[in-house]
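Have a look at the model below, and keep an eye on the aromatic side chains. We'll go from the rings to the helices.

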Amino acid sequence: MAQPLAVHDETSDFAAAVLAGLAQPQKVIPARFFYDHAGSELFEAITALPEYYLTRTEIGILGAHAGDIAAAVGPGRAVIEFGSGSSTKTPLLLRAISPAAYVPVDISAEFLQHSAATLAGDFPGLAVIPVAADFTAAFRVPASVAALPRLGFFPGSTLGNLAPRSAIDLLRGFATMIGEQGWLLIGLDLAPGAGKSTVTLEAAYDDAQGVTAAFNLNLLNRINRELGGTVRIEDFSHRAVWNSALGRIEMHLVAVRDTGFTAAGEPFALVAGETIHTENSYKWTLPEVRLIARASGWVPTADWTDADGRFALLLWQRETTAMQP
Ligand code: AVI
């Protein structure tokens, strides 16, 4: 049964972020602002694209190793899913591990409520306690699950959208929240290698149907809708490029001609070719990921990949005080 939504602070700082980001020499709008209603729907569409191999590959690995995960973590846990979105992968996990409660955490209250209700219908008897919150900031675990051992679930390669230093900060925060005896299951897209070319990678972020382009350009629509903006969308195009030096896919909005607009009452101008940097999607190797686990208070216990080594599912155990000297 789904319990009522506990809404935590979700004050939109979109205006402040746009004003600050567009005033920088390299203009930037943080990727977290992609996910308004239209953006969340576009992202769902991205996950079904033929080029976006991430979602179906992760589901395949989860299906293949659900039994291994269950054997490691045992039953009776509270599963806390960070950035649950539409929770499409969750039933596979919940069915395998027999949890005591499921706590989906997502900033989009609307999506959250809908997916929590659907999931509660599919798992009668499971306590489903949605929390509308930004999981990158500290939030309180619902009191009703406070006494349960926990499993954090962070699928979808969302960790890759953070710079390494921020990723470590977030994972340290998860370690505190998940607590001793806790586990963390993470889905992460991997760096290009033998089983994945940079062409495949770039195509995943620049699909033939233009859905990812619409997702990126929606940020400009959002400026017009929410900040009284005057952006001419046709003055911009979508660019996705692999930055091998920094190990990340970058998405930009490129001015195709000299252009100018106002947003929240402030004027901005771009010359042709100038970009607004909107997203980084870091792709790590497995040894890098294991190092990040150890640096953030976790013990990398198992990792499973698809046959091509494109994507990994990582199972980490919380470092205990007994493991420290
Ligand atoms: C949510 N995140 C993991 C996606 C990614 O692959 O970095 C966001 C995305 N951006 C473009 N396509 C998908």
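Phe43 is partly exposed, with a relative accessibility of 23%, and Tyr35 is partly exposed too, at 28%. (Buried is under 20% relative accessible area, exposed is over 50%, and partly exposed is in between, using a 1.4 Å probe and protein chains only.) Ring pairs tie Phe34, Tyr35, Phe43 and Phe215 into a cluster.

This is a predicted model, where local features need pLDDT of at least 70, side-chain atom pairs count only at pLDDT 80 or more, and totals for chains, interfaces and linings use all residues. Residues are numbered from 1 along each chain as its sequence is written, and side-chain values use heavy atoms, leaving out hydrogens and water.

Rings of Phe, Tyr and Trp (its six-membered ring) pair if their centres lie within 6.5 Å; planes under 30 degrees apart are stacked, over 60 edge-to-face and the rest tilted.

| Pair | Centre to centre | Angle between planes | Type |
|---|---|---|---|
| Tyr35 and Phe43 | 5.8 Å | 80° | edge-to-face |
| Phe154 and Phe174 | 5.3 Å | 85° | edge-to-face |

Phe154 sits in strand S7 (residues 150-154) and Phe174 in helix H6 (residues 164-178), 20 residues apart. Both Phe154 and Phe174 are buried. Helices (H or I, at least four residues) and strands (E, at least two) are DSSP runs, numbered from the N terminus.

As for confidence, pLDDT is the predictor's score for each residue, from 0 to 100. The chain averages 93, and 96% of the residues score at least 70, but residues 1-11 fall below 50. Where pLDDT is low, the predicted coordinates should not be read in detail.

How values were computed
Contact means heavy atoms within 4.5 Å.
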